[in-house]
Amino acid sequence: MVTTALSRAPGRLALALPLQRRGAGALGALVVAGAACLALGDVGGAGVLSLGTTLFAYIALAQAWNILGGFSGQMSLGVGAFVGTSAYAMALTMTRLGWSWPAGMAAGVVVAGTLSGLLAFPLLRLKGDYFAVGTLAATMALDAWFDNWSFVNKSTGVSVPIQAVPGQTEMYLIGLVVALIAVGSAIVMRWSTFGVRLLAIREDDLAAPLLGVNVFGYRLVVMVVSGMLIGLAGGVFALSLVSFVPDAMFAMSWTIEALVMVVIGGMGTVIGPIVGAVAVYYGITTELANFPTLSLFFEGGLLLVVVRFVPGGLWPFVVRSTRWLLERRGPTVRIARATPPPSPPSPPSS
Amino acid sequence: MNATTLVNGVLEGGLYALVALGLSLVFGVLRLINLAHGVLVVGAAYAALELFDLLHLGPFVALPIVIVVAALFGYVLQRVMLTNLLLKGPESGIVGTFALAVLGEAAFAAAFTSNGVSLQSSLATTSVKVGGVTLELVLVVACAIAIACAGGLQFGLKRTRAGSVLRAAAKDPSTAELMGINVRLVFALTVALAAALAAVGGVLYGVSTGFAPTSDTSLLLIAVAVVVVGGVGNVTGTLVAGLAMGLAQAVSVSLFGGGYADFTIYVLFFVVLIARPKGLFGQGAF
C-alpha cells in the first residue's frame with residue numbers, strides 16, 4: 001500500500017494544475033511569437049528571410065542541446081554526429097532515390113533519432129565527463145569514417161540536388177516550423193510531469209529511481225528526442241548549404257555553437273537558449289562573418305566569462321535582476337495591499 | 001605488416017603516453033577531464049615554434065623554457081579559473097575547460113594561421129637500424145623520455161613526501177585540509193606539473209608528427225583513451241596503455257590504410273569506455 005501511494009506521487013495532483021496551466025500559457029506565447037515571425041517574414045526582404053532561416057535552425061539546435069544538457073543534465077559534445085548523419089541521409093535519399101525534400105528531411109530525422117537511440121545504450125552508462133568525452137569520440141569516429149567511406153564519396157562530400165531546394169520564402173517557413181517544433185518540445189518537456197521527473201533525475205540520479213522514476217527510460221527518450229530535433233535542424237542546414245563535406249557536417253563547430261548559445265542564454269530554461277541563439281548569432285556570428293577565427297575567439301571568451309561570473313546564464317540573470325528591482329521599488333504598495341502576517345519575534349541573538 | 005611499422009607504432013605510443021600522463025594526473029587529483037589538455041599540448045608546440053622564429057632555438061634547447069612557461073601557465077590557470085569553476089560543480093568544469101579549448105584553438109589559428117606546421121630538428125629526419133628494423137630516432141627519444149617521465153612521476157607520487165601530500169589531497173580534499181595541507185596550492189601545483197608534462201609531449205609531437213590549431217581535439221581524445229584504458233591515476237597503466245594504443249594504430253594502418261588511423265583510436269576508446277569504465281588496469285595511485 002505504501003509503495004503504491006509513493007509511486008502514484010502524492011504531489012502529482014498538486015503539481016498538475018499550475019504546471020499544465022503554465023505550459024499552456026507558454027505554448028500560447030509560442031503561437032503568438034510564431035505568428036509574429038510569420039508576419040516579419042512577409043514584410044521583411046531577402047536579408048530577413050535568409051538571416052531568419054539560419055537563426056531558426058540555430059534556435060532548434062540550441063533547444064535540442066538544452067533538452068539533453070539542461071533538462072536531463074547530460075552534457076553532449078556530439079551535436080555534429082546528428083547534424084552530419086541527418087544531412088547525409090537527406091542528401092543521399094534525395095540524390096540516389098529521388099526523394100523530395102520533406103521525405104529526405106524525414107529520413108534524416110529518423111536516422112539521427114535511431115543513431116541517438118543506439119548511442120544511448122553505451123553512452124548512458126557513462127556519467128558527467130565520461131558522457132561528454134564519449135559523445136565527442138562518437139562524433140570524431142563518424143567524421144573519420146565518412147571521410148574514408150566511398151559510399152558517401154569520402155572527403156569529396158555530397159550535395160542536395162539544387163533543383164529540389166525550396167525557395168527563400170519556403171526556407172524561412174521551414175526554419176520557422178522547425179524552430180517552433182523544437183521550442184514546443186522544450187515547453188512540453190519543461191512543464192509536464194515528464195519534465196518534473198527529468199528534473200528529479202538531473203538533481204539526484206540515485207534518489208530518483210527510489211521514487212519510481214525509470215532513469216534509463218527517461219534519459220533514452222530525451223536523447224532520442226534531442227537527436228531527432230538536431231536532425232531537423234541539420235536538414236535545414238543541409239538545404240541551405242546545398243553541398244557539404246564530412247569535416248563540415250560532423251564538425252566540432254555545431255557543438256560549440258549550440259553549447260555557447262545555451263550556456264550564455266541560460267541552460268535548463270526554455271527562453272534562455274532562444275535568447276542565447278539570437279545574441280550569439282546576431283551579436284557575434286553575423287557581425288564577424290568574414291572573420292571566423294575572431295568569431296570563435298569571442299564565443300570562447302564570452303563562454304568563459306559567463307560560466308565564471310554569470311553561471312546561470314543571461315536570461316535567469318535578467319529575470320532575477322528585474323524581480324529584485326521590482327521588489328526594491330514597490331515594497332510599500334505591496335504591504336498596503338496585503339499586510340503580511342506578523343513575523344514571529346526573533347530569538348535573542350546571544 | 002612489417003616489423004618496422006609495428007615497432008615505430010609502439011614507439012609513437014610512448015608519445016601518446018607522455019601526452020596522457022598530465023591528463024591522468026589532473027583527472028585523478030581534480031576529478032576533472034580537462035578538455036583543454038590538447039590545447040596545452042599544441043600550445044607548447046607553438047611556443048617552441050615561436051622560440052625558434054625569434055631566437056633560433058632548436059626544439060630541444062627551447063624545451064626547458066617551454067616547460068617552465070607551461071607550468072607557470074598551468075598554475076595561474078588553476079588559481080584564477082579552474083578552482084572557481086570546480087567549486088560550482090562538475091558541469092561548470094566541463095563548460096569552462098571546453099571554453100578554454102575553443103579559445104585556445106581560435107587564438108592559435110589567429111596567431112599562426114590554420115595550416116599545419118612542424119618543428120625542425122635534425123632528429124626528425126634521422127633513423128637508426130637495429131637488427132633489420134629501422135627506428136625513427138625522434139620516436140626512440142620520445143619513448144625514452146616518456147618512460148623516464150612515467151618513472152619519475154611514479155617515484156614522486158609513491159615515495160616522496162610531496163607525493164603523499166598530493167595523494168591525500170586527491171583522496172579526500174576536506175580531510176587533507178584539516179591535516180594542514182593547503183589543498184588549493186596542491187591542486188594548482190598539480191595542474192602546473194600536468195601542463196609541464198603536456199609541454200614535453202607537445203614539443204616532441206611537434207618534432208615527430210607536426211601540428212595545426214585543430215590538432216588538440218584528436219590529441220585530447222587519444223589522451224583520454226589512454227587514460228581510460230590505463231586506469232585513472234595509474235602511471236604504469238598509462239604508459240602501457242599508450243604503447244598498446246600506438247601498436248593498435250600501427251596494426252590498423254597496415255591493415256586498412258592511413259585514413260583509418262584516427263578511427264581506430266576512437267572506436268577502441270569507445271569500446272574500452274563502455275566495457276571497462278575503470279580501465280583495464282584499475283584505479284591507480286589515487
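# A tour of chains A and B

Select A:Thr139 to begin: apart from neighbours within four places in sequence, A:Thr139 is in contact with A:Gly78, A:Gly80, A:Ala81 and A:Phe250. The model on screen is predicted. Now colour the helix around this residue, which is H6 of chain A, residues 128-148. Is A:Thr139 buried or exposed? A:Thr139 counts as buried, because 28 C-beta neighbours lie inside 10 Å, and the cut-off for buried is 20 or more. A:Thr139 and A:Thr95 are 44 residues apart in sequence, and their C-alpha atoms are 24 Å apart in space.

**Chain A as a whole**

Zoom out and show chain A as a cartoon. The secondary structure of chain A comes to 15 helices and two strands. Chain A has 350 residues, of which 45% count as buried. Take the contacts in chain A between residues at least 6 apart in sequence: 78% of them join residues at least 24 apart.

**Two helices of chain A**

Select residues 46-71 of chain A, helix H3, and residues 168-190 of chain A, helix H7. At what angle do their axes cross? The axes of H3(A) and H7(A) cross at roughly 20° and come within 8 Å. Angles under 35 degrees count as roughly parallel, and H3(A) and H7(A) are therefore roughly parallel to each other. H3(A) passes H7(A) in a left-handed crossing. Colour the residues of this contact by class: 18 are nonpolar, nine polar and one charged.

**Where the chains meet**

Now show both chains. In the contact between them, 36 residues of chain B touch 35 residues of chain A. Stay on the chain B side. Which elements give two or more residues to the side that touches chain A? They are the chain B helices H3 (59-87), H4 (90-112), H10 (215-230) and H12 (261-275). H4(B) gives the most, with 15 residues. By class, this side of chain B has 27 nonpolar, six polar and three charged residues.

Keep H4(B) selected and look along its length. H4(B) has 23 residues and spans 33 Å from its first C-alpha to its last, close to the 33 Å expected at 1.5 Å a residue. Step just past the end of H4(B) to B:Thr113, which takes a positive phi of about 60°.

**A covered helix in chain B**

Move to residues 183-208 of chain B, which form helix H9. H9(B) has 26 residues and reaches 37 Å from first C-alpha to last, close to the 38 Å expected at 1.5 Å a residue. How many of the residues of H9(B) are buried? The count is 24 of 26, so H9(B) is mostly covered. After H9(B) comes B:Gly210, with a positive phi near 90°.

**Its partner, H2(B)**

To see where they meet, select residues of H2(B), including B:His37, B:Leu40, B:Val41 and B:Ala48. By class, the contact of H2(B) with H9(B) has 11 nonpolar, five polar and no charged residues.

Note on methods: Residues numbered from 1 in each chain as written. Chains lettered and ligands numbered in written order. Predicted model: local features only at pLDDT ≥ 70, side-chain atom pairs only at ≥ 80, totals over all residues. Axes fitted to C-alpha atoms, helices over the stretch in contact; angles between N-to-C directions. Helix = DSSP H or I, 4+ residues; strand = E, 2+ residues; numbered from the N terminus. Parallel < 35°, antiparallel > 145°, perpendicular 65-115°, else oblique. Left-handed = near helix turned anticlockwise from the far one by under 90°. Nonpolar A, V, L, I, M, F, W, Y, C, P; charged D, E, K, R; others polar. Contact = placed C-beta atoms within 7 Å. Expected span 1.5 Å × (residues − 1). Buried ≥ 20, exposed ≤ 12 C-beta atoms within 10 Å, placed from the backbone.
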